[in-house]
Structures are given as structure tokens and as C-alpha cells.
Amino acid sequence: MEAREMGVLGLSAAEEHVYRHLLRNPGAPLDDAHILLRHSAEAVRGAVERLRALHIVREDDGTVWAAEPQLVVARLAEQRLEDLYGEIRVLTHLGPIIDALTRDMPATATAETVPTVERITDVKEIRTRLDELSFFARTEVLSAEPYDALSVENIEHARPLDMRCLRRGVVIRNLVRPEALEDPPTVAYLTELAVAGAQIRVSGELTELMLVYDQHTALVPIDPQDTSKGALCARESGIVTNIIRHFERLWDSADVFSPLTGLVESAGTEPSEAQRTVLAAMCSVGTDEAGARASGMALRTYRRHISALMQLLGAENRAHAALLARERGWI
């Protein structure tokens, strides 16, 4: 008996064997085919009926013929893909199933097993919790991460989780520090996320780690100065709401990261505080190095802000940018 190759297309072993038999023996009677094919007569009759329903075989004056392989494979592949897409659509919208199962739980059991504020000190447990929250996120993930650079290990761990969320239609809003744009691997990853649909902004005021999932679960460090001490996982609505408000304040004043240029651009018509600082330095110092020192930022960050400001103002050069900024009252 030949190896099965059409199982991936949704055919059973008996169905594939009958089809191959008819390909080799066009119009052959099937009364005793079950003996040759080593299947029961009932299995062969069932296979013929399904093949006929799928238009893989046709009957002419009582004789059964196999359809052309090209047509059969294309038809089965199309049907299989349609079935798979249907399954994927169901699997990416699990909310109703989760809600229905949650309603079956006693209210007291839910309150006892899921604390509103949980203290987690084990690093592996924190990572596992983050993985679970990301995997089951359904609407939005807010992330404020005050790192200066991401390690290759962190990027490889985060990539599948972030991309899976984006493919499901989950909104990702990510705040990073300007220093993160000094690290090429980090910039490359942020660009990859932005191209895939994530919203990324850059804030010089970002100092604390914040993660919020679906606006109902938040993670913050126990000690903002030492994240190795662990994290607090909060589901208390008042705590989560305050964390979200803090995030939104930073978000509104942050600069937009552009995946096309790798630069930051103003999120609105008014410059951010960091951009105002850069404008003042640009108009009062002679060199970029001095301007960067006066602004308290790295030279490349300082120059990125100048480039973004010139785009925002529509200026041809720095002198023109300074003139337009004065006209708008920005400096």
C-alpha cells in the first residue's frame, strides 16, 4: 500500500486509495476493489460516496472515473484552506469562550484564587506571568519601558509575543526613552514593531516601568529603582486606572517614532518639552555638541530632535527653523 500524501488535503486513507486506484485503472469496476485495496467493502463504498460528493470522481453509465489530479488537488487545497481560516478566526476570538467559562465559576472562588494585588519576586515567575498576559491579551497592551537598550535575548523573547498580539488585532502602544534610539539592534526591533502596526513614542520623562493589559491588569516594579526586587501585578480597578492615567500623560507629550526614518516626530502641532529644550539650545549655542550638553542628552538624540523639528516646521535650514519657531512662540 502506497504512503499517504493526500491526508493533508483532508482525505482519509481509504478515500486516497480509491482515488489512486481509479487513476491507475480508469473506469475499473469497484465491486471487488476492497479486496485489492485491503479495506472493508463498507469503507470503500463510503469513500466512493465522499469522493463523489467532493467531485473528485464522476460516474458515467455506472462506471466511475477519477478527475484530473491538478483539479482535484486545487479543489481540496482551497476547501482545506477555507476550513483552516475558519478555525483561525475562531481561535483568535476566544473572548466569548473565556467569558462563558468564567461565568460558570463561583464568585467566591474567583475572588479567592485571583488576588487584586499580587507580589511576585521570582524572576522566572514574572516572565511566565508576562507571557500569559501577552498571550491572552484581547484588546490593548500599554508598555512603558525605561531601558537604554534591549539585549538580543530580550528581543528574541519579546518578538513572537508582540507579533502574535499584532496579528490578532491587539493594539500595542509602547513608550521608550530617547537613549533607546542610540542602540542599533533596539532601533531595528522598534522599527520592526512599528511596521507591523505597533504605535511607538519616545519620552525623555519616562523613568518607571509600566505594563497594562486590556485595561484591567497592570504590572509595575516593587522598587522602581531596582526591578530585580520583583513586580506588583494589580487587578484593582483604582490602581490600574491611575497607572493608565500616568501612561496617557506621558503618551500625550511624547514624540512619535517613525519607522520610515528612524527619527522621532512631534505627536501633535505643538513641540514636546524635550523639543522646546532643543530649540532653545539650538538658538543659543554654537555647536551641536554644546547644544546636546546644554539639553542633557546624547548628541545623536539632540540631532534627531533637530531633524524632527525642521520637518515639523517645514524649515529649509536651522536658521529658518529658529525664525519659524520664534514666530509661533515656541521659543
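Trainee: Is Asp288 buried or exposed?

Mentor: In this predicted model, Asp288 is buried, because its relative accessible area is 13% and the cut-off for buried is under 20%.

Trainee: Which residue forms a salt bridge with Asp288?

Mentor: The partner of Asp288 is Arg303, and the closest N and O atoms of the pair are 3.0 Å apart.

Trainee: How many salt bridges does a search of the whole structure find?

Mentor: The search finds 17 salt bridges. One of them joins the side chains of Glu15 and Arg50, at 2.8 Å from N to O.

Trainee: Where do Glu15 and Arg50 lie?

Mentor: Glu15 is in helix H1 (residues 13–24), whereas Arg50 is in helix H3 (residues 41–53), so the pair links parts 35 residues apart in sequence. Glu15 counts as buried at 7% relative accessibility, while Arg50, at 35%, counts as partly exposed.

Trainee: Turning to helix packing, at what angle do H8 and H9 pack?

Mentor: Helix H8 (residues 152–167) and helix H9 (residues 184–196) pack at an angle of about 10°, and their axes are 10 Å apart. H8 is therefore roughly parallel to H9, because angles under 35 degrees count as roughly parallel.

Trainee: Which residues make the contact?

Mentor: H8 contributes Ile155, Ala158, Arg159, Asp162, Met163 and Leu166, and H9 contributes Pro185, Tyr189, Glu192, Leu193 and Ala196. Sorted by class, the contact of H8 with H9 has eight nonpolar residues, three charged residues and no polar ones.

Trainee: What do the side chains of Arg159 and Glu192 form?

Mentor: The side chains of Arg159 and Glu192 meet in a salt bridge, with an N to O distance of 3.0 Å. Arg159 lies in H8 and Glu192 in H9, so the pair ties together parts that are 33 residues apart in sequence.

Trainee: How do Arg159 and Glu192 count in terms of relative accessibility?

Mentor: Arg159 is partly exposed at 22% relative accessibility, and Glu192 is partly exposed with a relative accessible area of 30%.

Technical notes. Residues numbered from 1 in each chain as written. Predicted model: local features only at pLDDT ≥ 70, side-chain atom pairs only at ≥ 80, totals over all residues. Heavy atoms only, no water. Axes fitted to C-alpha atoms, helices over the stretch in contact; angles between N-to-C directions. Helix = DSSP H or I, 4+ residues; strand = E, 2+ residues; numbered from the N terminus. Parallel < 35°, antiparallel > 145°, perpendicular 65-115°, else oblique. Contact = heavy atoms within 4.5 Å. Nonpolar A, V, L, I, M, F, W, Y, C, P; charged D, E, K, R; others polar. Salt bridge = Lys/Arg side-chain N within 4 Å of Asp/Glu carboxyl O. Buried < 20%, exposed > 50% of the residue type's maximum accessible area, 1.4 Å probe, protein only.
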